Amino acid sequence: MTDHEPTEPATDESITMSNREPATTAETASDEPTGENADADADADADPDPDLGPEPDPNVEGGRPAIAATDLSHAFGDVRVLDGVSLSVAPGEIVALVGPNGSGKSTLLRFLARVRAPDEGTVTVASTDAGGGRARVGYLPQQPGFRAGFSAADTLEFYAQFVDEDVDVAEVLERVGLADAADRRVGALSGGMTRLLGLGRALVGDPAVVVLDEPASGLDPGMVERLFDIVSALADAGVAVVLSSHNLGPVERTADRVVVLDGGRFVADGDPRAVVESVGAADLQTAFGDLVATEEVTGR
Ligand SMILES: Nc1ncnc2c1ncn2[C@@H]1O[C@H](COP(=O)(O)OP(=O)(O)OP(=O)(O)O)[C@@H](O)[C@H]1O
């Protein structure tokens, strides 16, 4: 840490989450527009017995999911966003969540990251080691926010304090393509670079589950490819990855599984080829248009 040590967490939702500790930005701040921070207190409700981890699932490769969401339902006022969706993700699996604007992807990802709890349903994350290691989820929110005055490296050093593992911040910055920007003030980073820093923050401490909300948004084509390469490398290392994206080309090439969310439900769930073939489409982009009923942002 340098002499510019951050004294408080950044300004958005969290990062690498641990059950009950550390006290991260999930508890202290949010990008939620309606004062939902109190919901972070409901994390325990979302994960009633985290030490046990998810139940074995015969549909999941290897038997036991890294993360399992069961029967999640949620409404914002009159708007029912999720209607009984369940999702299990195996270690090393890449699940891409796609859907129209406003279909509830970010909401679902927040539940998976356990920065807030759904009205109904549970989210359970496997412990990182069978003997009772804590269950952690690395999370990139849709709009990562940081203290503008600190450097990229100092920012990750700050978050490294909250994990047990030794963190090589330079290596994390290298992984996400920000090695040359290590000493740059966060306030001077471009939008895409800020997102990459958010990705780096999600990877601090090598969580077994990573939840990425539109990680490719705002990245140039080369960085989009690099982003999906990073995702593939994470999966190869056994990390369960759940991401949302509107970049359907890279999603089709990279994801093991595509889940299409529309109308509060999953309207397709399978490997990209199966989803494309299920509607006789040529590619995922075309299949997406056939699968989703929403023709405009309707508030759902
Ligand atoms: N905190 C909130 N308060 C009230 N309504 C909300 C809140 N968060 C989301 N919503 C509503 O829930 C619905 C789903 O929003 P969400 O951000 O999850 O969609 P999304 O699929 O991630 O959209 P996009 O692709 O545009 O990012 C929208 O109608 C949105 O207006």
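Modeller: Of the chain's 300 residues, 48% count as buried, meaning that 20 or more other C-beta atoms lie within 10 Å of a residue's own, with exposed being 12 or fewer, partly exposed in between, and C-beta atoms placed from the backbone. This is a predicted model: local features need pLDDT of at least 70, side-chain atom pairs count only at pLDDT 80 or more, and totals for chains, interfaces and linings use all residues. Residues are numbered from 1 along each chain as its sequence is written.

Biologist: How many helices and strands does the chain have?

Modeller: There are 10 helices and 10 strands, taken as DSSP runs (helices H or I, at least four residues; strands E, at least two) numbered from the N terminus.

Biologist: What about helix α6: how many of its 13 residues are buried?

Modeller: The count is 11 of 13, so α6 is largely enclosed by the rest of the structure. Among the buried residues are M193, R195 and L203.

Biologist: What covers them?

Modeller: The cover over the buried residues of α6 includes β6 (136-140), α4 (152-160), α5 (169-175) and β7 (209-213). Just after α6, G205 takes a positive phi of about 85 degrees.

Biologist: Changing topic, which residues touch the most other members of the largest nonpolar core?

Modeller: They are L112, V209, V211, V241 and V258, in a core of 84 residues; such a core is a set of buried Ala, Val, Leu, Ile, Met, Phe, Trp, Tyr and Cys residues joined through C-beta atoms within 7 Å.

Biologist: And what is V258 in contact with, leaving aside neighbours within four places in sequence?

Modeller: V258 is in contact with A96, V98, V251, A268, G270, P272, V275 and L284, where contact requires C-beta atoms, placed from the backbone, within 7 Å.

Key. Contact = placed C-beta atoms within 7 Å.
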